[in-house]
Amino acid sequence: MSSSIATLSKQWSFTQVGGGRGTKQNEWLECKHFPTSVHVELRDKALIPDPFIGMNEWDVQWIGESDWNFKSTFNVDDETLSASNVDLVFDGLDTHCTVKLNGKQLENTNNQFITYRVPAKDTLKTGTNELVLNFSSTFIKASFFGRELEKQNGRFSLWNGDSSRLHVRKAQYNYGWDWGPLLMTVGPWRPVSLHAYSTHLTDLRVAIDVREDLSLRADVSFDIKGTTGGRKASYELLGSDGNAVLSDNIALNSGKGKTFFEGAPGIFKLWYPVGYGESDMYTIKVTISDEQGNVVDVCEKRVGFRRVKVVQDELEGQPGHSFVFEVNNIRIFCGGSNWIPADSFLTTMTPERYRDWLQLLIDGNQNMVRVWGGGIYEPDCFYDICDELGILVWQDFMFGCGQYPANDSLLASVQIEAEQNVKRLRHHPSIVIFAGNNEDYQLAESLNLELDYNDEESDFLQTNFPARYIYERLLPAAVASNSEVHYHRSSPYSGFGQVTTDKTNGDLHQWNVWHGSQEPWHNWDILAGRFVSEFGMEGYPNIRTVDYWLGGDASERYPQSRTNCNHNKADGFERRLELYLMENFKHAFDMESYVYYTQIMQAETLASAYRLWRRNWKGRGKEYTAGALVWQINDCWPVTSWAIVDYFLRPKPAYFSIARELRPYTVGMTRKDKQVFANEYTAANFTIDTEIEIWGTNSQLAEKKAILSVKCFDLDSDWTDTRTQDVVLAPNSSTELWKGNLPGQPTRTELSDIPKTIIVSARLLDGDTVLARYSNWPEPFKYVHFPSVEEAGLQITPANDGETLELSCKKPIKGIVLDVDGDDVKWNDQAIDLVPGDNQIIKGLGLNGRTVKARYLGDGTA
């Protein structure tokens, strides 16, 4: 018979074992969803309050410390049972689960990230069958096991959550993080199916080698499970139109099949990341037939042909090595984001929501996403969409911020987890790197654990950092033997014997803005690394999101309220937000104003990082910074965090300020005071001049001719200065364009000499087209005496279509954020800097002609 798969998604119910706050004893409630989790079912039945509102998170903690049963009845016919093999397949069980079929125990599970395939033919019967999944409390189980182990070996250290999480293979963020709630989910979180077959094609692999000349060879291999005698195999390579490009028979030998195909340069279309070409895909289809030619199984994989290297070469002019992603011989500056799970309740995520999230990356001019190691290996649709859109994926293994153990049972589980997920993900051209963990080496360094970077021979299992065996032995072997993807031991990881904070090698998590030494964001240039895979700044979400979590409680609608504090999980956030606000802004404390000022602070901070680090991309051999991935693109619940888009997919102003810095062409500028003393013996006799430097960037592969237009404005007078020059932007590089004293700014000889408030607007022009613009203001902004609202003269002129606005002004305006009453609008830009004579056109999908409100620095609210 041919292979058949029946998804078991109906007639599911659940109960709290022994009864309790969720259900009465032996009371079974029908599941509204499947796959599902207990929180989602109880919430949707109004049996618990929404954990995302108010303080409700703390009223549902009992769920994660209770045991739960799920059961389903399903029918099986004689034809299904006539198959040689009938397996139950569990794509994901969260987490400790005993599987019983018709009263017989078939499996015990303990890893959320593993697919369990269980032979069930001998236990099934014709007619009605009952499947029961008994989930015991992972928190209690892991706590008991972990506490007992810690009594013998001492406590295992970690950042975020309870140390028991280190002992269980469950999404670590469920234990609470510095942006997420403590919500211990439980249930069948991925599909359950019944697979009947005589012959089953497994482990289909297409090992692709694209050579330097862009010719390629693809080796196709697979295994056959079940009946192998009398079987024939063939394959087809299908183009994007579904037509066969290649086809051939495949010889079988002892249940294994192998073949290959080759192509000279240009024969096959290559897969390119967004901005560098089309993301062309093919489908490899392998068919198994019996002696009569009847199809017994078919397996398909979508593949893309691309050549990927992680280049770590010595650099010209600076110490250390590059960390550059090269695709099809093109070196790429990776501007992107870190990704956390997009919901605390993963079963509510749909392919449509994933697409909406990932489209935001494309719309924001980003080309890379890092799947962070404290969440999950995302579902297939996530990577399918990345393949389609041309988004490069940095994929962590699921270890985060911990001193993980490495006992035999955990190693065995991790071995299966790694092999399964590498095999599942390896065919995606978007995945360009696997990293062993998130920040575990950094934690080991901070605790002075036994970590000798010069030791490349030990197995490390007898040290107090035993998980090094996982990251340097188990995982790289799993990746190398099952894929062609580059493996990196951790993020961050420097290599070359250097600690993780080294800025001259490897990737870097640069948290000395916000965390660490809490540097001013203006220091991003001296905080740069070769590839900055984490950095960030907090900002409040959209005021509508704040009002959602307040749940209508007007008494809590102020920044320091208990509810607002519960919806910010970062340690010391009050001090850090105020540190950066007080250093830079004159600000107000009403709820709307606090949202605005933290958002503008976040927008300025993050745009500055991208602007300065793209300047470091200076051409081949001089890729001093080759990537910047902001922490983070998304949230898993409504919260104030480092996210640049909130839980409800509402972009913060920072999303737009970053998007401007990741356009194909950008212009950047620094303004720095240069103090020169008359001699080495005086402290009173000196001069201060303000110098500006202007550069442009070009991510395209051809040089670009443009006009650099620079206009200076004195905010306190009508004085202006305009100058233009022809420039050529070097391909795939930054180009220095101009350096000199700030026009209109006198030399100062006393610290009491107040500099003029001169705004410098720089634009790159191609005829009438503005390729890029940037306005440089004197900082900190708190010292600026802004003109009155009337003097600034902001005009918002709507077009007849009800969605287009033209913004103009009489004086330079900083940080315009637009909004309306009622339902939100999908804007195409925010955090806008405006100068006279450079009107800007803004689109607002859903504006529908409504009156627009504007906030900006100096709008009279502070």
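The buried residues of helix H10 are Ile-543, Arg-544, Thr-545, Val-546, Trp-549 and Leu-550. The model described here is predicted. The protein contains 15 helices and 43 strands, and buried residues make up 60% of its 862 residues.

**Helix H10**

- Helix H10 covers residues 543–550, and six of these eight residues are buried, so the helix is largely enclosed by the rest of the structure.
- The N-terminal end of H10 is capped by Asn-542, which has a side-chain oxygen 2.8 Å from the backbone nitrogen of Arg-544.

**Strand S6 and its partners**

- Strand S6 spans residues 97–101 and is mostly covered, with four of its five residues buried.
- S6 runs antiparallel to strand S7 (residues 104–109), and five bridges join the two strands.
- Within this pairing, Val-99 stands opposite Glu-107 of S7.
- S6 and S7 form a hairpin with two residues between the strands, where Asn-102 takes a positive phi near 50°.
- S6 also pairs with strand S9 (residues 127–135), in the antiparallel sense and over five bridges.
- Asn-134 in S9 is the bridge partner of Thr-98.

**Residue Leu-606**

- Leu-606 counts as buried because its relative accessibility is 0%, and the cut-off for buried is under 20%.
- Leaving aside residues up to four places away in sequence, Leu-606 touches Phe-535, Gly-536, Met-537, Val-630, Ile-644, Ala-654 and Ile-658.
- Leu-527 lies 79 residues from Leu-606 along the chain, and the C-alpha atoms of the two are separated by 13 Å.

**The protein as a whole**

- The radius of gyration is 29 Å, which agrees with the value near 29 Å that a compact globule of 862 residues would have.
- Along the principal axes, the C-alpha atoms fill a box of roughly 90 × 65 × 65 Å.
- Among contacts with a separation of 6 or more, 69% are between residues 24 or more positions apart.
- The protein exposes about 33,600 Å², of which carbon and sulfur atoms supply 46%.

How values were computed
Residues are numbered from 1 along each chain as its sequence is written. This is a predicted model: local features need pLDDT of at least 70, side-chain atom pairs count only at pLDDT 80 or more; totals for chains, interfaces and linings use all residues. Side-chain values use heavy atoms; hydrogens and water are left out. Buried means under 20% relative accessible area, exposed over 50%, partly exposed in between (1.4 Å probe, protein chains only). A polar contact is a pair of N or O atoms within 3.5 Å; within protein, one must be able to donate a hydrogen and the other to accept it, and residues adjacent in sequence count only if both atoms are side-chain atoms. Two strands pair if DSSP finds at least two bridges between them. Contact means heavy atoms within 4.5 Å. The radius of gyration is taken over C-alpha atoms; the globule rule is 2.2 Å times the number of residues to the power 0.38. Accessible areas come from the Shrake-Rupley method with a 1.4 Å probe; for residues, only the protein chains shown count as cover.
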